[in-house]
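Here's a quick briefing to read with the model open on your screen. Have a look around first, then come back for the notes.

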Amino acid sequence: MRRRQLLLDGCLGAVVTLVVAVAISANVGGERGPDLGAYLFALGLGLLMLLRRQHPALTLLATAAGLAGYYIADYPPIGLAVPAAAALYSAAEYGRTVLAVSVAAVLLAGSSFFRLRDGEELGYLFGYELPWSVAIMAGAIALGDGVRNRQLRSAQQRQRERDLLQASRQEAARRIENERLQVARDLHDVLAHTTTVISLQADVAREALDDGDTTAARSALAVIRSASGQATQELRSTVTLLRRPAEQTSRAPVGSMAHLDRLAAATTDSGLPVAVHVHGRPVDLPAVVDATAYRIVQEALTNAVRHADATLVDIHVRYLPGRLDLTVKDDGRGADGGSGGGHGLAGMRERAELIGGTLTATAARDGFEVAASLPVEETP
């Protein structure tokens with residue numbers, strides 16, 4: 001690319017030198033005839049074209065100075081359009097439009113002055129020579145400025161495309177991160193609840209076997225089997241979801257409020273009675289709200305089983321206009337327990353806030369309460 005530009009500028013410089021040399025050879029005026037000095041001016045004006053890309057302003061000023069020196073030396077007139085056009089174009093192309101217009105105006109005024117002084121006819125100068133020079137020089141400046149604007153627009157367009165691509169990548173990374181957090185929460189909820197139930201029922205089965213109560217032991221083992229089977233099913237659903245291509249994945253909840261009775265029954269079978277109270281007319285919930293509500297209840301029950309030493313849990317589900325309210329309250333240790341520790345409460349609160357809801361956990365002497373309010377878009 002660099003070599004090609006240098007070759008192009010070399011050809012342009014040769015053309016400028018040749019045209020100026022021909023104008024000098026025409027010898028149409030001036031006190032001094034063509035000599036070596038005049039042709040050196042022609043060569044210098046051509047060589048300046050090699051610098052027009054790296055130093056456009058300097059090239060323009062040097063061209064103007066060379067033309068001024070040429071006319072001051074009273075050599076034959078050579079016009080302004082060809083020697084100055086390329087320098088004017090380059091200055092405008094590289095953002096020096098004001099400088100180019102100013103230099104062009106000074107050159108035109110100076111050239112007219114010297115040519116009038118040398119006896120140039122007014123009709124020829126202002127009726128033919130000057131309009132052509134103005135048109136060519138103005139065209140060179142306009143062309144350079146237009147090329148610059150087009151290059152700027154192209155650069156801005158490329159930058160916008162890069163910004164859009166970067167934003168798209170960041171959005172994709174954010175969605176992947178959110179999905180990973182969602183999967184992590186799902187796995188935490190499933191494993192925490194199941195391992196808690198299994199651990200408690202394993203202790204029950206051991207004590208029953210020590211006491212020779214095979215009926216109680218079998219009952220405890222049945223609860224363990226049921227809990228592990230449900231956990232296996234949910235884990236299989238999660239793994240299946242992860243194996244799907246991203247564009248084919250429509251994330252449905254692994255847990256759903258439709259399974260709330262089964263969750264309550266499993267917790268009751270583990271030794272902690274759970275009562276479910278539904279208020280209002282149940283409606284179809286958006287998938288993300290459905291999964292979030294189920295996981296909040298599941299985590300609250302896990303905390304009650306694991307930490308609260310409760311004897312009863314009440315779940316209240318309220319279907320209200322535009323929202324779903326959940327309350328899970330146990331009669332356990334209250335302020336001394338039920339906090340859940342670990343990531344339990346933080347995970348529930350993150351789930352609720354992620355979809356624009358709220359969650360509070362209140363400890364009192366008569367128990368521990370988790371209350372959540374989730375927004376629900378009403379369908380027409």
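Predicted model: local features only at pLDDT ≥ 70, side-chain atom pairs only at ≥ 80, totals over all residues.

Residues are numbered from 1 along each chain as its sequence is written, and side-chain values use heavy atoms, with hydrogens and water left out.

**Aromatic pair**
- The structure has 1 aromatic pair (Phe, Tyr or Trp rings, the six-membered one for Trp, with centres within 6.5 Å; planes under 30 degrees apart are stacked, over 60 edge-to-face, the rest tilted).
- Phe 41 and Tyr 70 make up that pair, sitting edge-to-face at 5.6 Å centre to centre with 85° between the planes.
- Helices (H or I, at least four residues) and strands (E, at least two) are DSSP runs numbered from the N terminus.
- Tyr 70 is buried at 1% relative accessible area, whereas Phe 41, at 27%, is partly exposed (buried is under 20%, exposed over 50%, partly exposed in between, using a 1.4 Å probe and protein chains only).

**Strands**
- Strands E3 (residues 323-330) and E5 (residues 367-375) run antiparallel, joined by 8 bridges; strands pair if DSSP finds at least two bridges between them.
- Arg 323 faces Pro 375 in E5.
- E5 also pairs with strand E4 (residues 358-364), again antiparallel, over 7 bridges, and a hairpin of 2 residues connects E4 to E5.
- Opposite Ala 363 you'll find Phe 368 in E5.

**Asp 325**
- Asp 325 belongs to strand E3 and counts as buried, with 14% relative accessibility.
- Its side chain makes a 3.1 Å polar contact with that of Arg 323 (N or O atoms within 3.5 Å; within protein, one able to donate a hydrogen and the other to accept it, and residues adjacent in sequence count only if both atoms are side-chain atoms).

**Second largest pocket: who lines it**
- Helix H1 (2-26), helix H4 (81-93) and helix H6 (122-210) each supply at least two residues of the lining of the second largest pocket.
- H6 gives the most to that lining, with 6 residues.
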